Amino acid sequence: SSADDQKRLSGEAAAELVENGMVVGLGTGSTAAWFVKALAARGLSDIRGVPTSEATANMARELGLPLAALDDVKTIDLTVDGADEIGPGLSLIKGGGAALLREKLVWEASTRCVVIADAAKKVDVLGKFPLPIEVVRFGHVHTGRRLADIAAEFDLPPPRLRQADRGMVVTDGGNLIYDMASGRIDEPAALATALKSVTGVVDHGLFLDLADEALVGTDQGVIHLRP
Ligand code: DER
């Protein structure tokens, strides 16, 4: 099956986890879009969705899913979201879609977080996918230099400002993204701590000890992973 088929299978499997009455965190990206679509198709009468991006909010609204703002709910029962890489212990790299800050805030408010993905996302060690780092716009070139110093401590090349065809990528929160190419991240926890200590860094795409389980679409159907 193709990667898109595998994404759809995992998204549809995750939609079955939702029960009426739940507050559901709605992830961002192409895999999460399959989940949102499948959830809307269930037509549950009493759920509320908390979107992790404007893109997901727009899609959910078009599909008639009732939404709530994160601060309007006490807790989120279940969040379903994609990932760029799924590593050991369900450690993740996220942020390919530049939504990592709202995603991480929704995840941390959730009782249960389920990752959905196609088989290619599962890796033995994190880091083939460049690590996204969210940076405030003010003085970002100087922040970028401080990030380069951190990268050098981990023998990694200097992170690069993420550009799209119309210039810098700006997140829903008005921040910028620097991507840190690595090849492999042997000490994700140490790198996460080092990045958060840099003035101007808001957060990064390492999601460590946040995923409770993963539903991965494969050629043999959906496999269920736990940390
Ligand atoms: O940006 C994100 O964190 C997305 O969840 C991303 O990691 C997965 O996007 P995809 O489902 O389109 O591959």
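First, a convention: Ala, Val, Leu, Ile, Met, Phe, Trp, Tyr, Cys and Pro count as nonpolar, Asp, Glu, Lys and Arg as charged, and the others, Gly among them, as polar. This is a predicted model, where local features need pLDDT of at least 70, side-chain atom pairs need 80 or more, and totals for chains, interfaces and linings use all residues. Residues are numbered from 1 along each chain as its sequence is written, and side-chain values use heavy atoms, without hydrogens or water.

Now the shell. What surrounds the ligand? There are 15 residues, counted when a heavy atom lies within 4 Å of the ligand. The closest are Thr 28, Ser 30, Thr 31, Gly 97 and Lys 121. By class, the shell has one nonpolar, eight polar and six charged residues.

Next, polar contacts: pairs of N or O atoms within 3.5 Å; within protein, one must be able to donate a hydrogen and the other to accept it, and residues adjacent in sequence count only through two side-chain atoms. The side chain of Glu 103 comes to 2.9 Å from a ligand oxygen. For the backbone of Gly 96, the distance to a ligand oxygen is 3.2 Å. The side chain of Asp 81 sits 3.4 Å from a ligand oxygen.

Asp 81 has another partner. Its side chain meets that of Lys 94 in a 3.0 Å polar contact. The Lys 94 side chain also has a polar atom 2.7 Å from the backbone oxygen of Gly 82. Is Lys 94 buried or exposed? Lys 94 is buried, at 2% relative accessible area; buried means under 20%, exposed over 50%, partly exposed in between, with a 1.4 Å probe and protein chains only.
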